[in-house]
Amino acid sequence: MTWYSILPPLIAILVVFWRKEVILALVLALLSSELLLALQGDASNIFMTVVNSVERVVSVATSAGNSRILIFSIVIGALLAYIRESGGVAAAVNVLMNRGVAKSKRQVGLLTMFTGTAVFIESNMSVLTSGIVSRGLFDKFKMSRARLAYIIDSTSAPVCILILLNGWGAYVLGLLSNYELEQSAVSILWGSVAFNFYAIIALLIVLYTIVFDKVHGPMRQAEQQLSKHSVEMDAGPAASKARFMLIPLLTLIVSMVGFMFWTGGGELAQGSGSKSVLYATVLACAVAYLLLLTHKRFTHYQLVDVGFKGMGELLPLVSIVLLSLTLGASLKELGTGVFVASLVGDYLPIYFIVPVLFLTGAVMSFTTGTSWGTFAILIPIGVPLIQALGLPPSLVVGAILSGGIFGDHCSPISDTSAVSALASGCDLLTHVKTQLPYALVGGALALVGFFVASIVLI
């Protein structure tokens, strides 16, 4: 819990923006974190830093939850390849355009946002579904994949944390249930929705970019660049049958809901997101395979080849997800999150406590790449402040949740950023760079909101 615990994430962030190499940045950050851990113990272990780093990767990969995320990230490559190579995407785009559902950029953007909102059960599933549905439409209307990545990333987590009838709600409720407060944990959590300023503002900014068809900063440059090079874009396989895309996609969504109920013993909010998303993806992949085989689009050997090629395309992103999870585990042991949280201090004026909790959550999730880890560290700090100082519980919880999502949206080492880039077919660094201005504007407005709410309510 000392100042040097923030060095590894700072190294990662600096290398990302300097060298534009995410994997190198994550490897260097991991090695530096393991070196600092070795220095805390026996100095002779310094030479074991590389070995310890490898073992950390192994321990993260052998965790059941992490293994499911990694397998999901690989299997989804096969599913995306089946859908793409079948010609189902082009056919579905034609159907949507012919039926008037997607006749303009605005309609395409609203369809993407609606899809992400409707699939509020699990953030990765929301991102994935929206990405699959909208890829072809964005290409058709010459909208950049960076814009798609921004819309799905900025819709998924904010919607999940606002609707709360999912694993996110169950997780935060579990953290709050450990404390005795005047209000019940459920009423505090639901009350926090109105104070989750960043999530609300993020959705409003996305809506603004869609309705007015306005993009700014690096996103605008990405759109202009796409427009210049649009002639060279690969049209992909010719249109076949829309069912080759729609049936696997519906299987994915419906089975996800079913598996959430099943793993939760009949309660949706108690279901396991990592189990459900993996089971649903495997099932959808099997359905896509059988669909293409029975319709004689491909032979068994061709499908195996397409599937493995699809998996291979995603290996760099899967590596990033694995390294992000490993770095998060190493930083947890190093105490990075706890050190950042301790900066809140004991002598802040009461009106500054809630805004500072928001900023602390943002810095923590930005430097560690995880919003859930941020919630786990900050809620045990925020709740005692509620008890000791009589702060509004829902306002404090709303600030912590907002900060966690804000920092996660800005972070280049977040696994959520990697999955959003994966789902949209966008380069990870391009996604982070183009999303950052919107996230920073949303964060600044949220900070003002927490100052005003503190003055009014405390």
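The model is predicted, so local features need pLDDT of at least 70, side-chain atom pairs count only at pLDDT 80 or more, and totals for chains, interfaces and linings use all residues. Residues are numbered from 1 along each chain as its sequence is written, and side-chain values use heavy atoms, with hydrogens and water left out.

Let's start with the helices, which are DSSP runs (H or I, at least four residues) numbered from the N terminus. The axes of α7 (residues 123-140) and α13 (residues 243-263) come within 11 Å and cross at roughly 165°; axes here are lines fitted to C-alpha atoms over the stretch in contact, with angles from 0 to 180 degrees between N-to-C directions. That makes the two helices roughly antiparallel (over 145 degrees). In α7, M125, L128, T129, I132 and V133 meet M245, L249, L252, I253 and M256 of α13, where contact means heavy atoms within 4.5 Å.

Also in α7 sits D139.

| Residue | Relative accessibility | Class |
|---|---|---|
| C285 | 11% | buried |
| C410 | 5% | buried |
| D139 | 27% | partly exposed |

As for disulfides (cysteine sulfur pairs within 2.5 Å), a search of the whole structure finds 0. C410 is in no disulfide, and its nearest cysteine sulfur, that of C426, is 16 Å away.

Technical notes: Buried means under 20% relative accessible area, exposed over 50%, partly exposed in between (1.4 Å probe, protein chains only). Angles under 35 degrees count as roughly parallel, over 145 as roughly antiparallel, 65 to 115 as roughly perpendicular and the rest as oblique.
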